[in-house]
Amino acid sequence: MLTLSIGLLGTRCATPKEEHVHGEASPIKTYPKDYVHSLTEINLEKVIDENRGLKVLEENARTVHDYYRGGVQEKAEGERLMKEGKWEEARTHLEKSNRFLQVVLDYFPKDEAYRNLYGDHVVIFLPNLLIADNYLKVVRIYHKLKMDDEIYWAARDGKKFLSFSLRSVKTEWGFQIKKGFEEASPKR
Amino acid sequence: MLKVAIKEKEEDLRKYKNEFKVSSPILLDEKAEVANAYGIQSHPQTFFINREGKVVGRALKGMDWTSRSIRNLIQHLLGEKK
């Protein structure tokens, strides 16, 4: 038997300097614990809009903010390719997105509806939810490619990240993803 | 047991091996080709591959390799018929 351990060192990056750059963070609105953020308030388009700009390359990413933006940008590209039916290319970008976002989670493991991630800039901060959504898209791609053996694992991973997200922030988007997994993944 | 480091620098790997006294080989996946082939989206991940080259198990997080449950799992997998 061969045991293959992948990614043992992880990636290291600098944490945000939000508390130091401007002296104080921007005021962030707080919400009751069980508040469900509506789809009009928090959705994929808004997240993509907030992270547009110069493309973040993996080799140039240094800060948590870089990795978050890189994760969102790769996701946006994956989503675009899916709409064009380019399944394999889309999958590669969604998986790359998840690798970026995984680095973010090494530093900030909890989703927050709004977080001051750098300087005085507040963004929708849902790395767990974005990873879960990527996995859901990957599950759909596996369906298209008839890679049935992979569906179970991707769905299992995705549900894990979704549960982390919903534990911290309740979003209508998250509940939609949950429904998506229920419809897309077979039970074993 | 093979360890695979994704997109790390060789120099960092050497430091890591020395610092943690790692005796087993660490393979360098410079272009994340292995990671892509195995569909790695979070790390670390561990795959158990049987004699036929088939993935028979997968762990999605860091493992305590000295724990009883892991020892039992490996012994069970090693006990598979040839």
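Because the model is predicted, local features need pLDDT of at least 70 and side-chain atom pairs count only at pLDDT 80 or more, while totals for chains, interfaces and linings use all residues. Residues are numbered from 1 along each chain as its sequence is written, with chains lettered from A and ligands numbered from 1 in the order in which they are written.

Start with the chains one by one. Chain A carries seven helices and five strands, where helices (H or I, at least four residues) and strands (E, at least two) are DSSP runs numbered from the N terminus. Its elements come in the order β-α-β-α-α-α-β-β-α-α-β-α from the N terminus on. Of its 188 residues, 41% are buried; a residue counts as buried if 20 or more other C-beta atoms lie within 10 Å of its own, exposed if 12 or fewer, and partly exposed in between, with C-beta atoms placed from the backbone. Chain B has three helices and four strands, laid out along the sequence as β-α-β-α-β-β-α. Here buried residues come to 15% of 82.

For chain B, the corresponding figure is 26%.

Now for the interface. On the chain A side, 19 residues touch 31 residues of chain B. Strand E1 (2-6), helix H4 (87-107) and helix H6 (148-168) of chain A each put at least two residues into that side. By class, the chain A side has seven nonpolar, seven polar and five charged residues; Ala, Val, Leu, Ile, Met, Phe, Trp, Tyr, Cys and Pro count as nonpolar, Asp, Glu, Lys and Arg as charged, and the others, Gly among them, as polar.

Five strands line up as E2(B)-E1(B)-E1(A)-E3(B)-E4(B), in an open sheet with mixed pairing; strands pair if DSSP finds at least two bridges between them. Strand E2 (26-29) and E4 of chain B sit at the edges with a single partner strand each, so one side of each has no neighbour in the sheet. Neighbouring strands are turned by 20° against each other on average, direction ignored.

Going through the pairs, E1(A) runs antiparallel to strand E3 (residues 45-49) of chain B, joined by five bridges, and Leu2(A) faces Ile49(B) there. E3(B) in turn is antiparallel to strand E4 (residues 55-59) of chain B, with four bridges, and Ile49(B) stands opposite Val55(B). The hairpin of E3(B) and E4(B) has five residues between its strands, and Gly53(B) in it adopts a positive phi near 85°. Elsewhere in the sheet, strand E1 (residues 2-6) of chain B pairs with E2(B) through four bridges, in parallel; Lys3(B) has Ile26(B) as its bridge partner.

Back in chain A, H4(A) packs on helix H5 (residues 127-144) at about 160°, with the axes 9 Å apart. Those axes are lines fitted to C-alpha atoms, for helices over the stretch in contact, and angles run from 0 to 180 degrees between N-to-C directions. That makes H4(A) roughly antiparallel to H5(A), since angles over 145 degrees fall in that class, with under 35 roughly parallel, 65 to 115 roughly perpendicular and the rest oblique. The residues of this contact divide into 11 nonpolar, four polar and three charged.

H3(A) and H5(A) also pack, at about 25° with their axes 11 Å apart, which makes H3(A) roughly parallel to H5(A). This contact has five nonpolar, three polar and two charged residues.

Glu58(A) lies between helix H2 (44-50) and helix H3 (64-83) of chain A. With 16 other C-beta atoms within 10 Å, Glu58(A) is partly exposed. Beyond its neighbours within four places in sequence, Glu58(A) contacts Gly70(A) and Lys7(B).

Note on methods: Two residues are in contact if their C-beta atoms, placed from the backbone, lie within 7 Å.
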